[in-house]
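Please consult the sequence and the coordinates alongside the text.

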Amino acid sequence: TVSFERVYATAYETHQKYIEEKKTDASSDASIDLLRESIQLFRQCLSRPAGEYSKSAREQIQYTLSTLYRDAGQLYAAAVFATNVARFGDTAAPTTVASVGVAFAALQEAHLSQFGDSQNCGELRQIVRLLTLAEERSIPVKQFDSMWYSTAQLFEREGRHIEAAQCYARVGERSELFAKAQLAAGRQLWAELLRREQQAIRAQRAAIESAAAKYLANGIAAMESGDQMSSTLLAGKISLAKLSLRRDDPQQAIELLDGPGGVLKQLGSRPAIPKSFAVTSNEELVRAYRMTGDFDGVRSVIDRLAKLYGASGKDRVAGLYRGIAADLLDELDQTGPLTNRQVDQVENVIDALVGTDAKTSSDLVIWAADVWVGLADQAGDNAVRSRCLQNADRLFGSLSDSSQLSEGQRLGLQLKRIELARASGNH
C-alpha cells in the first residue's frame, strides 16, 4: 500500500513543478497538465484516513487546493476549501490568515464573473459570512477594512443599499477608510429611504432616516477632524442637510450649507469642485430659509442661483418661486373659500419675500402679482376678491418705471392692469 508520505511528497513535487511552469507560461499545455495533476494528487492526500496525517497537514493541503482551484477557475471549490481552513485552522497559522484572502478573492471574482445570479448577490453574502467568521475568530487579517469597503461597493453597485451600508459600517474607526465609509453608509441609507418612498414601502423608514443621519454626521466629523477636505465630504454635508430639512431642522441645514464651515464657504476655496455642488446647496438653502421665515435669505439665495443658472435658467428660477407659492398655499386652510385672515397671512409672506428694494427682480414681482390673481379666484366674497386684485395691481404698478423691463413688457403690464380693473369692477 502506498503511504500518505509518498503521495504527499509526489503531490508537493508536482506542485513545485507547476509553480515553476506557471512563471514561464500559465496558459501552456504543460502548465495546465501540471495544475490538473497537482489537484488530483492533493485530493488523494485528503482521501487518506485521518489518522495518517496531522490536522495542520490537512489544513495545509486544503489551503494549497484552494489556490490550485482558483488558478483552475473553479472559484466555488477554491472558496469552499479556503473557508474550511478559516473556520477550523489555528488562528495564528499563516495558512489560516492567507485562506481568508483566498476565499475572499475567489468569491469576489465569482460575483464579478456572474457565475451565479448577479441580482441575488449570493457570493457577496458568502463574503460577509467569511469576514464575520474571521473577525469572530480574531484571525489577524490586515486587510479587513479594505475587504469590508470593497464588498460594500459591490453591494452598492447592485443597488443593495441596506447591505452596502451594513458593510461600510463594519470598517474600523482606526482605518483611514473610516470617514469615507461612514459617509458612504449614510448615503446608501438615504438612497434606500428614497427608494422606499417612491415604492410606497412604509416599513422601517423612520429607523433608516435616523441611521442615515447618524452615519453622515459621524463621517463629516471624522473627515473634518482629519482635515480631509474633498468632494466626498461636501456631498455628505449636502445629504445631511437634506435629511435635516426632512426632519424639520432648517437651522442645521443652514449651518451645514452656509455656516462658517459649510459647503458654500468651502467651495470658495476649492474652484475645482463641480458647480453642481453650489447649485444643489443653494437650492436646499432656499427651502431652509423658507422654513425659518427668513425671506431676505430666500431672495439672496435665489439671486445667487440666477447667476449660477445663467441666461438659460429663468425657468428654473420661476420653478423656485412656484415651489414657494405651493408651500405658501399648502399652509392655508383650503377646505373653504379664501378669507380675509388668510389674505393677511399671504400678504405677510409675499411682502417679506418681494421687499421694497428697487433692485428686486422684476420676475419675482410678476410672480407675486400672479399669485394674487390666482388667489382672487378662490375668494369667499367680493371684498376678499377685490383685495387680492388690488394687491396684484399694486405689484404690477411698482414696475411701471422699472429699468429692468423693455417698452414692450411695460405695455404688457399696462394691459394686465386694465384687465384687473375690469375684473374688480373699476372700469
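The model is predicted. Helix H11 covers residues 231–246, and a salt bridge connects its residue Arg246 to Glu197. Across the whole structure, a search finds 26 salt bridges.

**Helix H11 and its packing**

- H11 comprises 16 residues, and the distance from its first C-alpha to its last is 23 Å, close to the 22 Å expected at 1.5 Å a residue.
- Its buried residues include the leucines Leu233, Leu234, Leu240, Leu243 and Leu245.
- Lys237, Ser239 and Ser244 are also among the buried residues of H11, as are Gly236, Ile238 and Ala241.
- The buried residues of H11 pack against helix H9 (178–198), helix H10 (205–225), helix H12 (250–258), helix H13 (263–268) and helix H14 (275–292).

- In the salt bridge of Arg246 with Glu197, the closest N and O atoms are 2.4 Å apart.
- Because Arg246 belongs to helix H11 and Glu197 to helix H9, this pair ties together parts that are 49 residues apart in sequence.
- Arg246 counts as partly exposed, at 29% relative accessibility, and Glu197 is likewise partly exposed, with a relative accessible area of 31%.
- A network of salt bridges links Glu197, Glu209, Arg246 and Arg247.

**Other salt bridges**

- Asp258 and Lys265 meet through their side chains in a salt bridge, with an N to O distance of 3.4 Å.
- Asp258 is buried, with a relative accessible area of 18%, whereas Lys265 is partly exposed at 45%.
- A salt bridge also joins the side chains of Glu158 and Arg157, at 3.5 Å from N to O.
- Glu158 has a relative accessibility of 16%, so this residue counts as buried.

**Positive phi angles in loops**

- Ala200 is not a glycine, although its phi is positive, at about 55°.
- Ala200 lies in the loop between H9 and H10 and is exposed, with a relative accessible area of 63%.
- Asp248, which follows H11, has a positive phi near 60° and is also a residue other than glycine.
- Asp248 is placed in the loop between H11 and H12 and is exposed, with a relative accessible area of 62%.

Technical notes: Residues numbered from 1 in each chain as written. Predicted model: local features only at pLDDT ≥ 70, side-chain atom pairs only at ≥ 80, totals over all residues. Heavy atoms only, no water. Helix = DSSP H or I, 4+ residues; strand = E, 2+ residues; numbered from the N terminus. Expected span 1.5 Å × (residues − 1). Buried < 20%, exposed > 50% of the residue type's maximum accessible area, 1.4 Å probe, protein only. Contact = heavy atoms within 4.5 Å. Salt bridge = Lys/Arg side-chain N within 4 Å of Asp/Glu carboxyl O.
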